[in-house]
Each structure stands twice: as C-alpha cells, then as structure tokens.
Amino acid sequence: MSNADKNIYYHTYEQLDKILTAQEPESAKAGNPAHDEMLFIVVHQAYELWFKQILFELDAVCHLMTGDDLPERNISKATHLLERVHKIQKLMLSQLDVLETMTPLDFMEFRDYVIPASGFQSWQFRMIENRLGMKPERRVQLGDTPYIASLKEPEQKRVQESLNSPSLLELVNDWLSRMPFLNMQDFDFWGEYQSAAESMFKQDEASIQTNDTLDEERRDRELKRLKTTKDAFMTIFDKSSHENMVKEGRRTFTHSALQASMLIHLYRDEPILHLPHRFLTALMDIDQTFTLWRYRHMLMARRIIGQRIGTGGSSGHDYLREGAEKLKFFPELFEISTFFIPRRSLPTLPEHVQKEMGFVYG
C-alpha cells in the first residue's frame, strides 16, 4: 500500500490533538488566569521535546560507539549526530530569549500555582546527563537527598536504569584507550613528547638566565614561576599519579585515553586524525553549550525570582550557579590544552608513521 493510499493527513500524523490540548494553565483552573503561564508551559514542553530528540541521538551514538573494533564509518555517523545535538542545544539557548520576555511580575501571577513543580524534576534531562557520563557522586546535591528524590517512582526507575548501560564518556574512554599510533615501531609518542616538553622548558630557563633586562631578584622570581609551571606540566607524564587521580574521581580518562586525545589534538592535520578531532570537538561543543545553558538559566532565574527559592524548594539562583560551575561531562578535553606545546616544538613524525596516518591514492 502506498502512502497516497493510506491518505496520511498532517494533523493526524503529527498527533496535534494531543499536543495542542496539552496546555492546561493552573492559574486558569484556579479562576485567576495569568496570561504568561501559556508561554511558560509551551517553552518547557518544547524543551522536553528537544530532550527527547537529544536522547534519541545520544542512544544512537552510544550504539555506534559500542564494540572493541569500531569501523571508521561509525565515528563519522556518530560525529554527525553529535553535531546535530549541538545545533539543538543552540536552539534551546535561543528559546530562553523568548522566555525572558516574561517579567518578574508576570511570573508572580502564577508562580504559587505551580509549586512544588520544578525544572529539576525533568527526568529526561537527568537521563541526558547520565547518558553523557554524569555520575551521581559528581552531582550538585540538593540538601542530603538523592538527585532523583523529587521524581515519582516510575521516573526514578527510568533514570536509575539509564545508569546500567555504558555512558558516552565510558565508551569514548574505551575508544581512545585503543587508539593506535601511540607506539609504532621506533616511534614512542609519549616518550618523544616528554622529551620535547623538557627541551621547551630548558629553552625557557635559558632565556630567563640570559635576559640582561632582569635584575637578580626578578630573575629568581621568574625562575621559580617557571619551575612551578614545569612541575605542574610534568605531572601528566606520571602514570601512577594519574591513576590515583582517576580513583579519587579527579580525572575520568585513563592515561592512555589522555595520551590519545593529546595526539589527536596535536596532530589533527594528519588526514586520519581529522575525523577523531571533529568528534572530540563535537563533544566539547556539547559540554560547553550545556554549561552555557545552565548559566543562562541561572541568570534568567536571578532576573525573574531574585534571591527567592525555586518553586521546587532549591536555593534557586545559587543552586543553578553551582551546577553551572561544577557539572562538566568531559573535563579532560578542556584541561589538556594546559599541556600543549607549540607546533614548532612537536616531535617530528617518522616517515612511516606519516604514511600510516595519510591517505595515499594511485
């Protein structure tokens, strides 16, 4: 049977009867209709629809990233879907512009009717966070209660179950840990990179020692500052220290995953690393845009409710600010730039490694 035979009708296909009758302002039910409550409901319903789409895309990405031997096409598809998620996030950010047309007094006309409902009861958003890799112990606590305590039992179960399958962070960690090119025949990337970093610091020290414009006191100060920078930089080469930080929850990537992410960023111009670099960039874009969204949400809350508590009983602005500052999904991807050295100082790739990383036709 063709689609023409089925006579699909737009209104029916989109199930508009369900969608367009799903707005029931509480203020109207109470006999005091507040004009802006419709906007408040529609914007939040739109968010939930976008959350559903993001979960759909993230589930597909996790499926593509599952397995010990990932075809290159899987990374290509996953990158495309992650870039779509980022586009959706940018749209979600712009929706805040619409919501901010609601003034504090407009909100106060219906605020009491929606208590104790709150955005942190969005179970889909909690599932997005879990799917990306947020662990319960890294979350901002609302008092002594678990983060799912405000959800009803069916939603609590859904959110809890989302923790049972590997998160995108764990899958990316596994994929990076298997990355080739770190050791190829006579090329030891990490050993070569450590030597290059030590040479860079020696040059910096020599520059300070031979700088005639510095008096003795200032030279000593600059040398101490350089030593502090060097000591912090060289910690990245200490595997046991890194593993202890992973155990303590201060780092999430394995040491080999960290090395691979460095290699991808530092040698991104090599053809075979173009796609992995795009993939990691998409993850950073998503992480950063969620942070932006949290900040915008915090600023909007401050603008509309000031220092009042949130409708769900949180500290409102302060709770949102703490979340914006602390909640990150892929922190290492942002921190590794601390350990970059200039391109001119990078170890030169041996010819056979360049050949392996390049695409040769003909």
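What percentage of the 362 residues of the protein chain count as buried? In this predicted model, where residues are numbered from 1 along each chain as its sequence is written, local features need pLDDT of at least 70 and side-chain atom pairs count only at pLDDT 80 or more, while totals for chains, interfaces and linings use all residues. Side-chain values use heavy atoms, with hydrogens and water left out. The share that counts as buried is 42% of the 362 residues, where buried means under 20% relative accessible area, exposed means over 50% and partly exposed lies in between, for a 1.4 Å probe and protein chains only.

**Overall build**

The secondary structure of the protein chain comes to 19 helices and two strands, which are DSSP runs numbered from the N terminus (helices H or I with at least four residues, strands E with at least two). Along its principal axes the C-alpha trace spans about 80 × 65 × 35 Å. Among contacts between residues at least 6 apart in sequence, 77% join residues at least 24 apart, a contact being heavy atoms within 4.5 Å.

**Helices H6 and H16**

Helix H6 (residues 72–99) and helix H16 (residues 274–305) have axes that come within 9 Å and cross at roughly 20°; such axes are lines fitted to C-alpha atoms, for helices over the stretch in contact, with angles running from 0 to 180 degrees between N-to-C directions. That crossing makes H6 roughly parallel to H16, as angles under 35 degrees count as roughly parallel, over 145 as roughly antiparallel, 65 to 115 as roughly perpendicular and the rest as oblique. The crossing of H6 and H16 is left-handed, meaning that the near helix is turned anticlockwise from the far one by less than a right angle. The residues of this contact divide into 18 nonpolar, six polar and seven charged, where Ala, Val, Leu, Ile, Met, Phe, Trp, Tyr, Cys and Pro count as nonpolar, Asp, Glu, Lys and Arg as charged, and the others, Gly among them, as polar.

|---|---|---|
| Aspartate 287 | 1% | Lys328, Phe329, Phe330, Pro331 and Phe334 |
| Threonine 291 | 11% | Ala324, Leu327 and Lys328 |

The C-alpha atoms of aspartate 287 and leucine 333, 46 residues apart along the chain, are separated by 9.8 Å.

**The largest nonpolar core**

A nonpolar core is a set of buried Ala, Val, Leu, Ile, Met, Phe, Trp, Tyr and Cys residues joined through side-chain atoms within 4.5 Å. The largest such core has 99 residues, of which Met65, Leu168, Trp175, Leu176, Phe189, Tyr193 and Phe279 touch the most other members. The largest share of this core, 14 residues, comes from H16. Leaving aside residues up to four places away in sequence, phenylalanine 189 touches Phe181, Leu182, Gln259, Met262, Leu263, Leu266 and Tyr267.

**Covered helices H11 and H9**

Helix H11 (residues 168–177) is mostly covered, with seven of its 10 residues buried, among them Leu168, Trp175 and Leu176. What covers the buried residues of H11 includes helix H5 (37–64), H6, H9, helix H15 (255–266) and H16. Helix H9 (residues 123–132) is likewise mostly covered, nine of its 10 residues being buried, and these include the charged residues Arg126, Glu129 and Arg131. Just after H9, glycine 133 takes a positive phi of about 135°.
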